[in-house]
Structure formats: C-alpha cells, structure tokens
Amino acid sequence: LLALLESGACACEHTADQLIVFMALAGGTSRLRAPPAAALSSLHLPTAVHFAERLSGATFRITESEDGCQLVECDGVGARARPAPLLE
C-alpha cells in the first residue's frame with residue numbers, strides 16, 4: 001500500500017481495471033493514473049483495456065508519465081441508457 005501511495009497513482013491496479021469499463025462508456029476523454037507497469041502483479045489492466053476497446057469501440061492510449069505511472073486515456077463512446085420497455 002505504501003508503494004502505491006508513493007507512486008502517485010490514483011488507484012491500485014485492481015481498482016484501475018474495474019474503472020476501464022466506465023471510461024469506455026463515458027462521453028469525452030477520461031484519464032486515469034495507474035501504477036507503473038513494472039509494479040503490476042497481473043495482466044488485468046491491459047486485458048480490460050483490450051476487451052473494452054473491442055466490445056465498445058472506445059479508443060484507449062496508455063503512456064508512461066515522467067514519474068513512471070501509467071497514464072490511461074480513453075475516448076469514450078458516450079453510451080446512453082435505453083428507456084425500459086413499457087409493461088402492459
């Protein structure tokens with residue numbers, strides 16, 4: 001936990017991969033500071049990005065910031081909820 005706090009990331013790797021879906025569905029550009037790639041213990045984050053891109057049509061970019069954190073940017077699709085069908 002201390003390493004995460006010192007890294008400058010805004011979310012741990014387990015939370016970051018859960019936020020990917022919301023970034024893909026949101027309108028506009030979303031940004032997230034994730035832990036450095038070398039600090040990840042799994043492939044959850046890149047896997048979530050991979051499938052979110054393919055399933056939603058959103059565009060993701062992952063770059064490394066000066067302090068080593070991963071900057072995840074997403075141009076989301078701006079999904080809207082459909083009205084529920086009327087029950088008779």
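Which residues are linked in a network of salt bridges? Select Arg31, Arg61, Glu73 and Asp75, and you have the network on screen. Keep in mind as you go that this is a predicted model.

**Stop 1**

Start with glutamate 73, in strand 3, and arginine 31, in strand 1. Their closest N and O atoms are 2.9 Å apart, and because the two residues sit in those strands, the salt bridge ties together parts that are 42 residues apart in sequence. Arginine 31 is exposed, at 62% relative accessible area.

Arginine 61 is partly exposed, with a relative accessible area of 31%.

Next, select aspartate 67 and arginine 33, whose side chains meet in a salt bridge at 2.5 Å, N to O. Aspartate 67 lies in the loop between strand 2 and strand 3, and arginine 33 in strand 1, so this pair ties together parts that are 34 residues apart in sequence. Both partners are partly exposed: aspartate 67 at 45% and arginine 33 at 26%. Over the structure, the count comes to five salt bridges.

**Stop 2: helix 2**

Select residues 13–25 to show helix 2, then look at leucine 19, where the helix bends by about 30°. Colour Glu13, Ala16, Asp17, Ile20, Met23 and Ala24 to see the buried residues of this helix. Their cover includes strand 1 (29–34), helix 3 (44–56), strand 2 (59–64) and strand 3 (70–75).

Zoom in on glutamate 13. This residue of helix 2 is buried, with a relative accessible area of 12%. Leaving aside residues up to four places away in sequence, glutamate 13 touches Pro35, Ala39, Leu40, Ser41 and Ser42.

**Stop 3: the cysteines**

How many disulfides does a search of the whole structure find? The search finds zero. Select cysteine 12: the nearest cysteine sulfur, that of cysteine 10, is 10.0 Å away. Cysteine 12 is partly exposed, at 26% relative accessibility. For cysteine 74, the nearest cysteine sulfur is again that of cysteine 10, at 14 Å. Cysteine 74 is buried, at 0% relative accessibility.

Definitions and conventions
Residues are numbered from 1 along each chain as its sequence is written. This is a predicted model: local features need pLDDT of at least 70, side-chain atom pairs count only at pLDDT 80 or more; totals for chains, interfaces and linings use all residues. Side-chain values use heavy atoms; hydrogens and water are left out. A disulfide is a pair of cysteine sulfur atoms within 2.5 Å. Buried means under 20% relative accessible area, exposed over 50%, partly exposed in between (1.4 Å probe, protein chains only). The bend at a residue is the angle between axes fitted to the seven residues ending there and the seven starting there. Helices (H or I, at least four residues) and strands (E, at least two) are DSSP runs, numbered from the N terminus. Contact means heavy atoms within 4.5 Å. A salt bridge is a side-chain nitrogen of Lys or Arg within 4 Å of a carboxyl oxygen of Asp or Glu.
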